[in-house]
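Me: Hi! I have a model open and would like to talk it through with you. Could you help me read it?
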Amino acid sequence: MIRFFATFVLLLASLFAVELTPFAQRLFVMPWTDALAQLSTGLITLFDPHVVASGKVIRSTQNGFAVAIEAGCNGVEATLVLLAAMLAFPAPWWSKIKGIAAGVVAVQGLNVVRVISLFYIGQWNREAFEWAHLYVWQALIMLDVLVVWLLWVRMLPPDDRDATPPLPPPRAAIASA
Amino acid sequence: MKSPAAPVTRPGAPLTRFIIRVVAWLPVMFALWYLAAPVLMWPVALIVRALADATLHDLVTGVDQVMATLTFATTLRPGHALARGQVEVEVNLLLYSFGMPLLAALTIAARERTWKRKLFLGYLLMLPFIAWGALADFLKNIAITASPTVTAQAGFSSMQREAIAFAFQFGALILPPVVPAVLWVVMHRGFLERLRERI
């Protein structure tokens with residue numbers, strides 16, 4: 001357990017440091033964020049044609065309201081957390097690859113819902129937007145990451161699940177031993 | 001081997017029920033957290049004040065808490081050398097503590113007998129990380145985002161500014177959501193084992 005958490009923290013800090021470099025920002029984060037804005041706008045236009053995307057900005061052509069997808073809202077950090085958690089956990093590489101692929105879809109899928117919901121919450125009420133943006137959605141995305149990780153751990157082959165350090169027996173078991 | 005008396009459970013049901021309980025508790029916990037923030041954040045103010053006194057005494061003259069906001073009074077001047085007044089920096093502690101309602105919802109939803117103790121322990125363990133976020137936010141303000149006159153007075157080297165930027169980003173984007181999740185996993189290993197078996 002300690003080794004898992006130490007590896008997790010080290011990996012997370014390293015991945016995050018790499019993400020912050022200008023190189024990673026230019027090559028991955030910015031194109032990713034722009035693509036997220038395009039995808040969200042594409043989905044919105046299925047039911048609301050008065051929306052356009054420009055770079056990382058999604059704008060209503062009806063009332064001019066716009067949201068810019070900034071760091072923390074593009075789901076990259078949440079994905080890095082999941083990536084670090086899966087890489088740090090003892091499991092076969094093939095399980096990790098499958099888990100990461102499915103996890104990225106789950107996290108980014110919910111993140112698209114976040115972006116779209118914030119776009120409309122912001123047009124409705126500024127205070128509600130701030131709350132949803134700064135606090136509520138952050139917690140929900142992390143809950144998503146946690147649930148995906150729990151499901152993935154459950155789906156690991158038994159041998160790999162058993163590779164985790166055994167839990168201490170419950171107190172009742174100790175007392176009756 | 002499965003015991004013949006073992007209850008039949010639907011696949012995925014325990015985890016689904018757990019998630020539903022978490023989502024149901026979240027709004028309640030968010031409301032309580034917001035209302036109780038001035039009290040919950042009081043220890044954070046103490047930690048930040050102690051750290052500022054110990055390490056930034058040449059820059060920080062005082063740290064005051066009003067509701068969930070910390071105000072750093074500094075020795076820095078807002079404009080040129082003759083300008084009056086000192087720079088004050090406000091930091092919203094809610095930005096760094098929104099993991100508290102998540103931890104509370106997860107802990108209560110797990111329905112462990114020791115949930116109150118775990119909740120209190122989790123709260124205590126989160127405090128230093130919130131203090132990290134607050135201090136890094138303050139340092140980012142005076143070292144990076146303030147006017148050049150102020151950042152020059154602060155006197156941080158480019159290497160130090162890089163470190164502050166990283167500490168701020170890590171303290172703002174990673175720690176607030178990750179710390180409660182990690183603490184919850186660490187404190188609920190038994191629950192996770194049962195969930196894993198019955199999931």
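Reply: Happy to! One term to begin with: two residues are in contact if their C-beta atoms, placed from the backbone, lie within 7 Å. This is a predicted model, where local features need pLDDT of at least 70, side-chain atom pairs count only at pLDDT 80 or more, and totals for chains, interfaces and linings use all residues. Residues are numbered from 1 along each chain as its sequence is written, while chains are lettered from A and ligands numbered from 1 in the order in which they are written.

Me: Great. How many residues does the contact take from chain A and from chain B?
Reply: Chain A puts in 24 residues and chain B 26 residues.

Me: And which helix of chain A gives the most to the side that touches chain B?
Reply: That's helix 5, with 12 residues. Helix 1 (2–20), helix 3 (76–88) and helix 5 (126–155) of chain A each supply at least two. Helices here are DSSP runs (H or I, at least four residues), numbered from the N terminus.

Me: Switching topic: at what angle do helix 3 and helix 4 of chain A pack?
Reply: About 160°, with the axes 10 Å apart; axes are lines fitted to C-alpha atoms over the stretch in contact, and angles run from 0 to 180 degrees between N-to-C directions. Helix 3 and helix 4 of chain A are therefore roughly antiparallel, the word for angles over 145 degrees.

Me: Which residues of helix 3 make that contact?
Reply: A78(A), T79(A), L82(A), L83(A), M86(A) and L87(A). Helix 4 of chain A answers with residues including G99(A), I100(A) and G103(A).

Me: Last one: what does L93(B) touch beyond its neighbours within four places in sequence?
Reply: L93(B) is in contact with M41(B), V44(B), A68(B), T69(B), L70(B), I130(B) and A134(B).

Definitions and conventions:
Angles under 35 degrees count as roughly parallel, over 145 as roughly antiparallel, 65 to 115 as roughly perpendicular and the rest as oblique.
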